[in-house]
Amino acid sequence: MYAITGVTGHVGGVAARELLGRGEAVRAVVRDAAKGADWAAAGAQVAVADLGDRAALAEAFRGCAGAFVLLPTDLTAADPDAAHRALGDAIAGAVADSGVPHVVVLSSIGAELAEGTGPIRWLHHLENVVRATGTRVTAIRSWHFQEKAEMLLGAVLGQGVYPVFADSADVPVTMVATRDIGVLTADVLLSPAPGGEIVNLEGPRYTERQVAEELSAALGRPLQVVTIPREGWAGAMVDAGLPPRIAAELAELYDAERLGLYRNEGDRTVTGRTELAETLGRLVTSLA
Ligand SMILES: NC(=O)c1ccc[n+]([C@@H]2O[C@H](COP(=O)([O-])OP(=O)(O)OC[C@H]3O[C@@H](n4cnc5c(N)ncnc54)[C@H](OP(=O)(O)O)[C@@H]3O)[C@@H](O)[C@H]2O)c1
């Protein structure tokens, strides 16, 4: 039995479907019982637990051979740093209390760094507190998600603008499809490395202009690419609806990228093959 949190989201959803498709038993962990119905129909056990509820989460992990955990961004947190560290602590507490022998952590490139990386430093904390429980840990350190374009849909659909938080829209960067992360999650849950490991996950490389072109093609409407200078980042994100403190965190994450701080520092590197056109095609279909 494998417990999958974030099962209504991108990576957890793929991981759970992949495991079920391979004939494995899955416990789908949802925070809202109503969202469990589809998973029960698909053959999964359903457990209801918030990631911040140590006792309920421990119950969801109990008896499982492995668990998948993630650290979702809580946009409502008054103090995002304290809230995301506390969420990590609750997850680690549940791991310790349940005795689950293997945990796959959805982490990020740059998670070896303790600071200067915005939200990625919360994943640094999560990896460390889960490892400190003594359980076997597989950390998947992914580069940017191809689905990151979802965050820009307000500007894309509203103003026909594709905003780029960089000086140039023409620098190729690695972008990973969450489909590939979910499949890797299923693989490592079924075959964990003996002492645990850190897996860097890369994907194909695209420029932001290529993302805009693919999105434009998928939507069937033109998009204007607008690069936003550093001093305008936080304001643009707040205008798009993000709380100011989260906008400041994301700006720090992008700053670290400009400084070239993100590198493959794990034990091995896997390269996802799903192309952006497929991911964005699926994204646009889901809008309909
Ligand atoms: N974006 C990137 O480029 C990038 C790169 C590297 C790593 N990451 C990591 O990937 C994470 C996102 O993964 P994803 O895209 O698979 O997730 P996602 O699609 O954003 O879905 C989030 C999932 O977490 C659940 N959730 C949220 N808050 C919860 C809570 N308090 N208790 C229980 N469940 C909760 C949601 O459930 P509901 O349906 O109930 O809302 C949903 O299933 C980020 O938070 C980050 O840590 C992102």
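1. Contact here means heavy atoms within 4.5 Å. Setting aside neighbours within four places in sequence, Met-237 is in contact with Phe-165, Leu-242, Ala-247, Leu-250, Ala-251 and Tyr-254. Please keep in mind that this is a predicted model.

2. Met-237 also matters for the core count. The largest nonpolar core has 85 residues. Met-237, Phe-61 and Val-130 are the residues with the most contacts inside this core. Helix H10, residues 244-258, supplies the largest share of the core, with seven residues.

3. Next, the sheet. Eight strands form an open sheet, and the pairing is parallel. The order is S3-S2-S1-S4-S5-S6-S9-S12. Strand S3 (45-48) and strand S12 (268-271) stand at the edges. Each has a single partner strand, so one side of each is left without a neighbour in the sheet. From one strand to the next, the twist averages 25°.

4. Two pairings are worth a look. Strand S1 (residues 2-4) runs parallel to strand S4 (residues 66-69), and three bridges join them. Tyr-2 has Gly-66 in S4 as its bridge partner. S5 and S6 also pair in the parallel sense, over seven bridges. There, Leu-106 stands opposite Ile-140 in S6.

5. How many of the seven residues of strand S6 are buried? Six are, so to speak, under cover: strand S6 (residues 136-142) is mostly covered.

6. Glu-24 sits in the loop between H1 and S2. Its relative accessibility is 28%, so Glu-24 counts as partly exposed. Beyond its neighbours within four places in sequence, Glu-24 is in contact with Tyr-2, Leu-19 and Leu-190. Glu-24 and Gly-63 are 39 residues apart in sequence, and their C-alpha atoms are 14 Å apart in space.

7. Now the ligand. There are 23 residues around the ligand. Thr-8, Arg-31, Lys-35, Leu-71 and Phe-145 come nearest. A backbone N or O atom of Gly-9 lies 3.0 Å from an oxygen atom of the ligand. A polar side-chain atom of Asp-50 is 3.1 Å from a ligand nitrogen atom. A polar backbone atom of Leu-51 is 2.8 Å from a nitrogen atom of the ligand.

8. Helix H4 (residues 80-98) holds Gly-88. Is Gly-88 buried or exposed? At 1% relative accessibility, Gly-88 counts as buried, because the cut-off for buried is under 20%. Not counting residues up to four places away in sequence, Gly-88 touches Leu-71, Leu-126 and Val-129. Leu-71 is one of the residues that come nearest to the ligand. Gly-88 and Glu-112 are 24 residues apart in sequence and 16 Å apart in space, C-alpha to C-alpha.

9. Ser-98 lies in helix H4 too. Ser-98 is buried, with a relative accessible area of 12%. Its side chain reaches the backbone oxygen of Val-95 at 3.1 Å. Leaving out residues up to four places away in sequence, Ser-98 touches Ala-58, Phe-61 and Arg-62. Ser-98 and Gly-160 are 62 residues apart in sequence, and 49 Å apart in space from C-alpha to C-alpha.

10. Thr-207 lies in the loop between strand S10 (205-206) and H8. With 10% relative accessibility, Thr-207 counts as buried. Thr-207 touches Ala-169, Asp-170, Val-171, Pro-172 and Met-175, again not counting residues up to four places away in sequence.

11. Ser-216 lies in helix H8 itself, residues 208-219. Its relative accessibility is 18%. Buried means under 20%, so Ser-216 still counts as buried. Apart from its neighbours within four places in sequence, Ser-216 is in contact with Arg-221, Pro-222 and Leu-223.

Note on methods: Residues numbered from 1 in each chain as written. Predicted model: local features only at pLDDT ≥ 70, side-chain atom pairs only at ≥ 80, totals over all residues. Heavy atoms only, no water. Helix = DSSP H or I, 4+ residues; strand = E, 2+ residues; numbered from the N terminus. Buried < 20%, exposed > 50% of the residue type's maximum accessible area, 1.4 Å probe, protein only. Core = buried A, V, L, I, M, F, W, Y, C linked by side-chain atoms within 4.5 Å. Pairing = 2+ DSSP bridges. Axes fitted to C-alpha atoms, helices over the stretch in contact; angles between N-to-C directions. Near = heavy atom within 4 Å. Polar contact = N/O pair within 3.5 Å; in protein donor to acceptor, adjacent residues only side chain to side chain.
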